[in-house]
Amino acid sequence: MTYIRLDKLRAVYKPQIPSILEHPTQLQPYSESPLALHQSIATLFPYTAQLPILSVVAQEETTVVRKPLTVAVLLSGGQAPGGHNVITGIFDALKAYHEASVLYGFIMGPGGLLRGEARELTADVINRYRNTGGFDMIGSDRTKLETEEQFERVLFHAHRLHLDALVIIGGDDSNTNAALLAEYCRRKEDPLCVIGCPKTIDGDLKNGWVETSFGFDTCVKVYAELVGNIQRDCYSSKKYWHFVKLMGRSASHLTLECALMTQPTVAIISEEVAQRGLTLNDLVRQLADVIVDRAERGMDFGVVLIPEGLIEFVLKVRRLIAALNRVLAENGHKLPLVKESQIINYLASKLNEEEEETLRSLPEEVARQLALERDPHGNVQVSRIETEKLIVELLEQELERRKEAGSYRGKFAALTHFFGYEGRCSMPTNFDASYCYALGRTAIALIEGGCSGYMATVGNLVQSPDKWIPRGIPLTAMLTIEERKGVPKPVIAKALVDIEGAPFRYFREHRKEWAEGISFRYPGPIQYFGPSAVCDATTITIRLEHALEPEEDLDTIWD
């Protein structure tokens, strides 16, 4: 029997793209009216604040002689499935524009850009990475681009390589960097074009122009398979409660979509916790109620999904984090003078009574993580906080109290899991492979038009790829002002789960039956071959947002 590896078959997969991108294109304004911007953004970005939304349309007959383009690309932030396909889309579009065009990749992200470490991405390189996961083609890092000194280094290396354009592939912070760099270039009258592409597995780079960030579709399907496997084991053994933490530092999109796909016993959505002002004790009591109710009906088992960033959405903890941010901004320079064993006491002395009580109520390791361990952007590193174990510990205490009071007679055996790195370098789904490839080609369409300060976007994603709509959206249209490390800064706001939106409403309408009985679903592994309704479909979230049923009828699959 002949054996062919899946990765070999994926190398020859042809991504589907919007029909408009199969031919030469040009740009035209999508709307005559300028976008309404935050006043502070208009002031901070005078050179790129009035850019129009651009539609990518079929090119009219022209006799303009095309000149080769030299473009560089970099990957920024955490890995997300499909990043390589953005680059292959850029390469193919460049070569279609002019065979002599050149593509460079900066090695290890913005840091490599500042160091000027670049490699030419030839056809031999590109072909090895088509439809693959990971960022290993050129690597990535989380260096921020925000100072004039950094921008001057960028321009030095851009001029050295004779770049016409730079494409920054990243999330909200990375695209904020792209907006700042584009504004600087225009202020300096430098011709370098800067284009962004929307990447993040968390799904929180999302707005009226970006339906989803790439990588989300693949990641959630990887996690849903794992959750489904655990649910099947849970239902088979009928003796364990599984607590599964899923990635999603700032929003619960992954947890919500995974819940829609797998129908667990309970799924906690951070945005609802914040909206209702729930405390950790409130959450524990609610979970205990479900556990007790199921135990009374002979079901000492279940699956609970927990978003990675939950602890930041708990009312008192959220207030504590804001207070710690303020204290660190004002007193951070004094910490090296404080004994290691006294740092928590020192910080506590700077808090009000409620904040101090919250800090001291947490396990010491969690308190230190909240207070001291921050990423390069000043955010709490919530992935290191074992929220799932903290909840289990508090649940065990609550259930023991109920057992002593005679209101609980079940057995509680808990297992914890954290699904994170398992998904972010996965081989992309057909959807992400095609979506990313289309984003890359859209980026080149914008560069061909001499555009800068734009994000390449592709919309109408609920339809088949040939009906997708490529556009250029001004990065300034997505900016707002937020406080970072105590300083107001322009940022692309993270999109939270809309608890009034269709996906959450569907979840809210069905979660009671999921908690009371057995409604588990088992999505199985990602499918790359077979009926399009299975292989090419995007998320339930996008279907519900477009007012479609969460899944197709079986009869329609085999038409």
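**Notebook: cysteines and salt bridges**

I looked up Cys258 first: its sulfur is 11 Å from the closest cysteine sulfur, in Cys219, too far for a bond. The model is a predicted one. Cys258 is buried, at 0% relative accessibility.

I then checked Cys185. The closest cysteine sulfur is that of Cys193, 8.8 Å away, again too far for a bond. Cys185 is buried as well, with a relative accessible area of 0%. I searched the whole structure and got zero disulfides.

Next I turned to charged pairs. I find 22 salt bridges in the structure.

I looked at Glu117 and Arg115, whose side chains form a salt bridge with N to O at 3.0 Å. Glu117 is partly exposed at 36% relative accessible area, and Arg115 is partly exposed at 44%.

I looked at Arg401 and Glu398, joined by a salt bridge at 2.9 Å, N to O. Both residues sit in helix 17 (residues 387–404), three residues apart, about one turn of the helix. Arg401 is partly exposed, at 47%, whereas Glu398 is buried, at 12%.

I looked at Glu551 and Arg521, a salt bridge with its closest N and O atoms 3.1 Å apart. Glu551 is in the loop between helix 22 (540–545) and helix 23 (554–557), and Arg521 is in the loop between helix 20 (502–516) and helix 21 (532–535), so this pair ties together parts 30 residues apart in sequence. Glu551 is partly exposed at 47% relative accessibility; Arg521 is partly exposed at 34%.

Last, I noted one network: salt bridges with shared partners join Asp289, Glu398, Arg401 and Arg402.

How values were computed: Residues are numbered from 1 along each chain as its sequence is written. This is a predicted model: local features need pLDDT of at least 70, side-chain atom pairs count only at pLDDT 80 or more; totals for chains, interfaces and linings use all residues. Side-chain values use heavy atoms; hydrogens and water are left out. A disulfide is a pair of cysteine sulfur atoms within 2.5 Å. Buried means under 20% relative accessible area, exposed over 50%, partly exposed in between (1.4 Å probe, protein chains only). A salt bridge is a side-chain nitrogen of Lys or Arg within 4 Å of a carboxyl oxygen of Asp or Glu. Helices (H or I, at least four residues) and strands (E, at least two) are DSSP runs, numbered from the N terminus.
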